[in-house]
Amino acid sequence: MTETTPFVRPDVALFLQFLNAVPGPKFWEVSADEARAITTAMRDVADAPVGELAVMRDIDIPGPAGTIPARVYDSRADRGPGPVMVFYHGGGFVIGSLYTYEPYCAEVARLLDLPVISIDYRLSPEYPFPAPAEDCEAATRWIASSPAELGLVVTGLITSGDSAGGNLTIVTSMALRDKPAAVPVLLQFPIYPVVTLDPDWPSMRAFSNGYLLTEEAMTYFGQGHAAVPGDYRSEPLNFPQEGMPPSLVTTASLDPLRDQGLAYVEKLKQAGVHVQHISAEGNIHGHINIRQAIPSVQADVEGYIKALKNMLAEVMPSV
């Protein structure tokens with residue numbers, strides 16, 4: 001089969017041209033702390049402003065190895081009982097933070113008109129596999145119990161996250177499927193997720209250099225996280241998906257992780273799970289964090305949340 005030149009949106013092409021020309025060390029060439037500092041500095045350059053929001057407050061969640069910081073976003077100052085989104089950020093389990101995902105979480109809280117709770121789980125390499133997954137499961141169970149410290153009456157959960165956070169979305173949903181929390185997972189929304197340790201995919205070969213998420217970055221993340229093969233938390237694609245909640249899965253056509261995301265969509269379909277897939281055509285991995293650098297991403301995010309609201313209306317007609 002002849003390989004054709006992939007479609008790249010004009011604003012994506014401009015961003016990649018800028019990104020690939022930036023001098024200095026790349027984050028995978030420095031320590032984890034330095035890599036996190038680079039990512040933090042990029043937020044104000046590449047992402048949209050946080051904008052107005054009625055509630056943005058920090059909370060502490062008890063975890064398996066101490067306190068897990070989290071941040072609550074809500075477009076309403078007063079909120080009655082209802083579902084919440086629990087969000088697990090991306091960054092290869094090594095970088096990413098509450099701060100770097102603040103613009104996206106605030107935007108989702110506005111568009112979805114539901115509380116969004118972002119989880120600041122432990123990061124590798126200081127806390128390698130399975131520490132991030134353990135924190136996310138513990139935090140989600142705590143939120144489901146509507147503790148007084150949360151200040152919300154939670155009736156259901158939407159699990160969501162991007163990239164590494166997409167993995168954490170799926171494995172948290174699997175854990176809560178097998179041992180339910182105080183309230184059910186109504187929907188899961190993994191965004192260009194990591195679902196396997198297998199690197200042999202056509203999209204990996206086509207897009208692992210020059211499209212933001214590089215082969216070097218993936219190696220860096222993989223070495224830091226040190227995931228164990230054969231564990232459902234590292235390779236959910238290889239484990240049964242029967243009984244999973246209705247799922248919205250998004251991929252990006254220029255993403256090295258695209259094909260494993262598509263394989264996960266098929267796995268859900270074969271398991272009889274209601275699944276909707278949205279492809280961000282001409283877009284790259286990591287795009288939810290770069291709405292200022294790539295203006296067309298705003299329409300992607302709005303489309304995702306519209307689809308999520310429609311799916312939520314199916315499981316909760318009164319919402």
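Select Phe18 to start: Phe18 is partly exposed, with a relative accessible area of 45% (buried means under 20%, exposed over 50%, partly exposed in between, with a 1.4 Å probe and protein chains only). The model is predicted, so local features need pLDDT of at least 70 and side-chain atom pairs pLDDT 80 or more, while totals for chains, interfaces and linings use all residues. Residues are numbered from 1 along each chain as its sequence is written, and side-chain values use heavy atoms, without hydrogens or water.

Phe18 sits in helix α1 (residues 10-21); helices (H or I, at least four residues) and strands (E, at least two) are DSSP runs, numbered from the N terminus.

Next, select the sheet. This open sheet has eight strands in the order β1-β2-β4-β3-β5-β6-β7-β8, with mixed pairing; two strands pair if DSSP finds at least two bridges between them. At the edges stand β1 (55-63) and β8 (275-280), each with a single partner strand, so one side of each has no neighbour in the sheet.

Move to strand β6 (residues 185-191). Seven of its seven residues are buried, so β6 is largely enclosed by the rest of the structure. Strand β5 (residues 154-162) runs parallel to β6, joined by six bridges; Asp162 has Ile191 in β6 as its bridge partner. On the other pairing, two bridges join β6 to the parallel strand β7 (residues 247-252), where Ser247 is the bridge partner of Gln188.

Finish with β7 and β8, which pair in the parallel sense over six bridges. Select Thr251 to find its bridge partner in β8, Ser279.
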